Amino acid sequence: PLLKLGRTRRRLSQLDLALDVGMSECHLRLLETGRAEPSGYAIRQICEALGMSAPDQNVILMFAGFAPQSSNASWSADVRGVVDRIHRPYPEWP
């Protein structure tokens, strides 16, 4: 319901938003009606296409059962680097 509210406030049709996000209109309709489960990535893409602020995106992510995005981009990059090193098949040992 929150995604549909954001879309209608910006006077976008489902087709316009779907094209902006890169998904089918049918899939967007299923997400809005709750007949399909969105991924965290899909939620972020839709929120960014709607121009939502980071706090608003976090509310929608939490409402959908996902962790909020970190507001500290450098911290996220550091964590991503550590995770990438851990998941290499043969990590480089110091």
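**Pockets and a surface patch**

Mentor: In this predicted model, the second largest pocket is lined by Leu2, Leu5, Gly6, Arg9, Arg10, Gly51, Met52, Ser53, Asp56, Val59 and Ile60, and its volume is about 200 Å³.

Trainee: What makes a residue count as part of the lining of a pocket?

Mentor: A lining residue has an atom within 4 Å of a grid point of the pocket. For the second largest pocket, helix 1 supplies the largest share, four residues, and the lining divides into five nonpolar, three polar and three charged residues.

Trainee: Which residues are the closest to the centre of the largest pocket?

Mentor: The largest pocket has a volume of about 240 Å³, and of the 15 residues that line it, the closest to its centre are Pro1, Leu31, Pro38, Phe63 and Ala64. Its lining holds 10 nonpolar, two polar and three charged residues, with helix 1, helix 3 (25-33) and helix 5 each supplying at least two.

Trainee: Why is Phe63 called exposed?

Mentor: Exposed is the word for a relative accessible area over 50%, and Phe63, with 61%, is therefore exposed. Phe63 is found in helix 5.

Trainee: Which residues form the nonpolar patch on the surface?

Mentor: Leu2, Leu5, Val59, Met62 and Phe63 form that patch, with about 480 Å² of accessible area together. Two or more of its residues come from each of helix 1 (2-9) and helix 5 (54-63), and helix 5 gives the most, three residues.

Conventions:
Residues are numbered from 1 along each chain as its sequence is written. This is a predicted model: local features need pLDDT of at least 70, side-chain atom pairs count only at pLDDT 80 or more; totals for chains, interfaces and linings use all residues. Side-chain values use heavy atoms; hydrogens and water are left out. Patches are made of residues with over 30% relative accessible area and no salt bridge: like charges are joined within 9 Å, nonpolar side chains (Val, Leu, Ile, Met, Phe, Trp, Tyr) within 5 Å. Accessible areas come from the Shrake-Rupley method with a 1.4 Å probe; for residues, only the protein chains shown count as cover. A salt bridge is a side-chain nitrogen of Lys or Arg within 4 Å of a carboxyl oxygen of Asp or Glu. Buried means under 20% relative accessible area, exposed over 50%, partly exposed in between (1.4 Å probe, protein chains only). On a 1 Å grid over the protein atoms alone, a cavity is a set of points where a 1.4 Å probe fits but cannot get out, and a pocket is an open set with protein on both sides within 12 Å along at least five of seven lines; lining residues have an atom within 4 Å of a point. Grid points are joined across faces, edges and corners, and a volume is the space filled by probe spheres set on the points. Ala, Val, Leu, Ile, Met, Phe, Trp, Tyr, Cys and Pro count as nonpolar, Asp, Glu, Lys and Arg as charged, and the others, Gly among them, as polar.
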